[in-house]
Amino acid sequence: MIELAPAHKYGLSLPTPVMPAAGTFGYGDAYRDLVESDVLGAIVTNPISLRPRMAARGQRLAVRGGHFIVHTGLPNSGVRTIIRQYRKYWERSNVPIIPHLIATTPGETSRAAVQLSAARGVGGIELGLAENTSEEQAVDLLHAAQEGSGLPIIARVPFGRVEALAPLLAEAGAEALTLTAPPRAVLPIASETLGGGTSDDVCEPTGNEAVRFMRGRLYGPALFPLLLDTLARWATPGPEKLHVPIIACGGIASPEDALACISLGATAVQVDAQLWRNPALLAQIAEGIRASENSTL
Amino acid sequence: MTRQQTATFRFARPSPPYWAARFDVAHPPRPGQFVLADLGGPLREVLFPAFIDDTGFAVMLPPGHPATRLLPGSPIDIIGPTGRGFRPGNAQRLLLVSSADMLPLLLPLLAGAPNNAPFRNGMSFLNGAPSIALVIEGATRAQLPLPEQIPPAVELTLVTLDGSAGYLGPLESQEPAPAGLERVGPYLLELIAWAECACFACNNDRYPALASLVRQVRIQPAPDFAQALVRVEMPCGVGVCEVCRIATRHGEKCACTDGPVFDLLELGYD
C-alpha cells in the first residue's frame, strides 16, 4: 500500500502506485472488459465540471509522427448527472475513485467538491488547473476544493506552470501534486479531415491562409524525458524538493518508465493516452513495480 | 462486451482505388462496426469491414496504409468488434446510399443480396433475400466503381456531380437539372419511399440535408428506418477520450460506443 495523503485525517491509501490519468479512462467502467481493476491503485476519472459542458467544435485530433494532440473542450454532463450515472459503480469499486474536477471559479469548485465528496467510493479529488491560472487563483481554488470536500485534494499542475504553482500549492496544503498536466501544443492540420469544420481553438493563420492549425493537449513519448526533468528538479532530494507526494504523469509507456519515475522520487504514476493503444499497460506497470519491490526485498 | 483479440493478417492486394487487406479473427465485426488495430502507430487504426465471413473480414484501405505493409501471418492485436453497426433487421427492401469514397463501409450489406437472381420491379426472385438498391455518388465518372464490381442482383444507381455518368447530383439537390441531364433527387425520393430500411454513408455534414429528404416522403418513419454511419476520429474506441462526440437529438453521443451508426433523423442537432 502507498499513502498519497499522509498528513490528511482520512488519508488516501492505494493498493498499487498505478492509475490512469484524467481524461484517458472515462468514469471507471469503460475499460472493465480490458483492464482488471485489481491492478489499479485508483481510478482518476475524466474531467468533471459543476455544470454540463459541450464538446469543442471542429477537429479534435491531430497526429504527427509518434505524437498527437487532442482538443475536446472537456465535455461532460456535469457533476450531478455523472454521480447519478456512476454512483453504483463507484460504490462497488475496490479501489478509490479520484474524480478530476475542472477548477473554474472558487464558488463552482467548492460546490462541485461538496457533491463529489458525498459520493461513496470517492477517496480524493484531483483538481485540474488551467494553464493560465494565476498563483492567487490556484490557491483560492485549492482552498475552495478543500473547504467543499474534506477529502484529500491532489492538484494537477499545468505543464508550463510547475515552477510558479507547484511549491505554492504544496505550501498551501495540497495533499499531493500531479506533475504534470499534458502540455498545450499546436499542429498544422489538413484542410480535409474527418469531422470537418473549423476548430474553435485554433491559431489564426498569419499570411498563409492555406495553413490551419489546431491547439490541444499533447501526448506522446517526448513527454517522458520532460517528465523526468521535472521530477529530477522537484521530487528528488535537494533545495527545491516538494515535501508532498508526487504523482508522475506524462508519456509513461512501460514498466521501466514507471520505475524511473519512482526512482526519481515519484510516489505514484499516472498512465496517459498510451493506454488507448495498450490497455494492458496498467497491469504491466503494476506487475513491473511489484517485481521490482520483491527483488529489492 | 469489448474484446481484445489477436487477428492474423492474411494478405493485402491492390483493389483500385483501394488496397484490400484480409484479417482472420475469431469474432469479426458486423456491418458498420469496427475494430481498433495496433499497427505500430501512436494510436490504434480504426478498421471498418468491407467484406465479412465467419472466419474474418477484409478492409479496403488507401494505398500506403500501414496494414498494406504487414507480412502475411503477422499477429495483430485488435480491440473490438465495437460500436453499434447497421441494423437492417428483416427489411426486404434495402436502400444503400453512399458517396464513392465511403462505399466500402456499405459493402458488407451487399452480402445479403442474391448473387444470381435478377432484380425486377423492386422485388428479388429469391425468397427471403432482400432486394437491394444501391446509390453511389462520385464527383465524376472516374470515381465510381465499375458496375461489374457490384452483385448483379443489386439495383445500381450512379450519380455524378458533373453529369458525366448516371444521374446528376448532389443527392440532396432539388434544383432543376440543366437540359439533357436528369437530377437524382426525385428518383432518390422514390427509392426512399420504396425502401423498408435506408442506410447512408456520406460525409457527416450532408446528413441534415439527407434527413430532410427522408422526411419529405416518410412523415413518421419507424426508428432506425434511416441509418447513417458517422465518420469521425475514434482514438480510444471505448468512449473515454471524448474525441468522437457528436450532436444528436438526445444530446451529445460518443460515435465509438453509441454509434458509429445512428438514426439519420436524430443527427445534426448541433
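Predicted model: local features only at pLDDT ≥ 70, side-chain atom pairs only at ≥ 80, totals over all residues.
## Helix α2 of chain A

Helix α2 of chain A covers residues 106-117, which makes 12 residues. From its first C-alpha to its last it reaches 16 Å, close to the 16 Å expected at 1.5 Å a residue. Four of its residues, A:T109, A:A112, A:A113 and A:L116, are buried. Viewed down the axis of α2(A), these buried residues fall within an arc of 105 degrees, so they line one face of the helix. An α-helix has 3.6 residues a turn, so residues three or four places apart point the same way.

Several elements of chain A take part in covering the buried residues of α2(A). Among them are the strands β4 (43-48), β7 (97-102) and β8 (125-128). The helices α1 (79-92) and α3 (135-149) of chain A are also included in this cover.

## The interface of chain B and chain A

Contact between the two chains involves 26 residues of chain B and 30 residues of chain A. The area buried between chain B and chain A is about 2400 Å², and carbon and sulfur atoms give 59% of it. Three residues, B:P42, B:L43 and B:V240, supply 24% of the area that chain B buries against chain A, more than any other three residues.

Polar interactions also cross this interface. Between chain B and chain A, 8 residue pairs are in polar contact, counting pairs with both residues at pLDDT 80 or more. The interface has 1 salt bridge. A salt bridge joins the side chains of B:D38 and A:R277, at 2.8 Å from N to O.

## Salt bridges within the chains

Over all chains, the whole structure has 17 salt bridges. Side chains of opposite charge can pair when their charged atoms come close. In chain A, A:R290 forms a salt bridge with A:E287, and their closest N and O atoms are 2.9 Å apart. Both residues belong to helix α8 (residues 281-296) of chain A; because they are 3 residues apart there, about one helical turn separates them. A:R290 is partly exposed, with a relative accessible area of 36%, and A:E287 is partly exposed at 43%.

In chain B, B:E196 forms a salt bridge with B:R93, with the closest N and O atoms 3.4 Å apart. B:E196 lies in the loop between α1 (185-194) and β14 (197-201) of chain B, whereas B:R93 lies in strand β8 (residues 93-99) of chain B, so the pair ties together parts that are 103 residues apart in sequence. B:E196 is partly exposed, with a relative accessible area of 34%; B:R93 is partly exposed at 26%. Another salt bridge of chain B joins B:R245 and B:E252, whose closest N and O atoms are 2.9 Å apart. B:R245 is buried, with a relative accessible area of 15%.

## A network around B:R22

A network of salt bridges links B:R10, B:R22, B:D24 and B:D53. B:R22 is buried, because its relative accessible area of 12% is under the 20% cut-off.

The side chains of B:R22 and B:D24 are joined by a polar contact of 3.0 Å. Leaving aside neighbours within four places in sequence, the residues in contact with B:R22 include B:R10 and B:D53.

Note on methods. Residues numbered from 1 in each chain as written. Chains lettered and ligands numbered in written order. Heavy atoms only, no water. Helix = DSSP H or I, 4+ residues; strand = E, 2+ residues; numbered from the N terminus. Expected span 1.5 Å × (residues − 1). Buried < 20%, exposed > 50% of the residue type's maximum accessible area, 1.4 Å probe, protein only. Arc of directions from axis to C-beta. Contact = heavy atoms within 4.5 Å. Buried area = accessible area lost by both parts, 1.4 Å probe. Salt bridge = Lys/Arg side-chain N within 4 Å of Asp/Glu carboxyl O. Polar contact = N/O pair within 3.5 Å; in protein donor to acceptor, adjacent residues only side chain to side chain.
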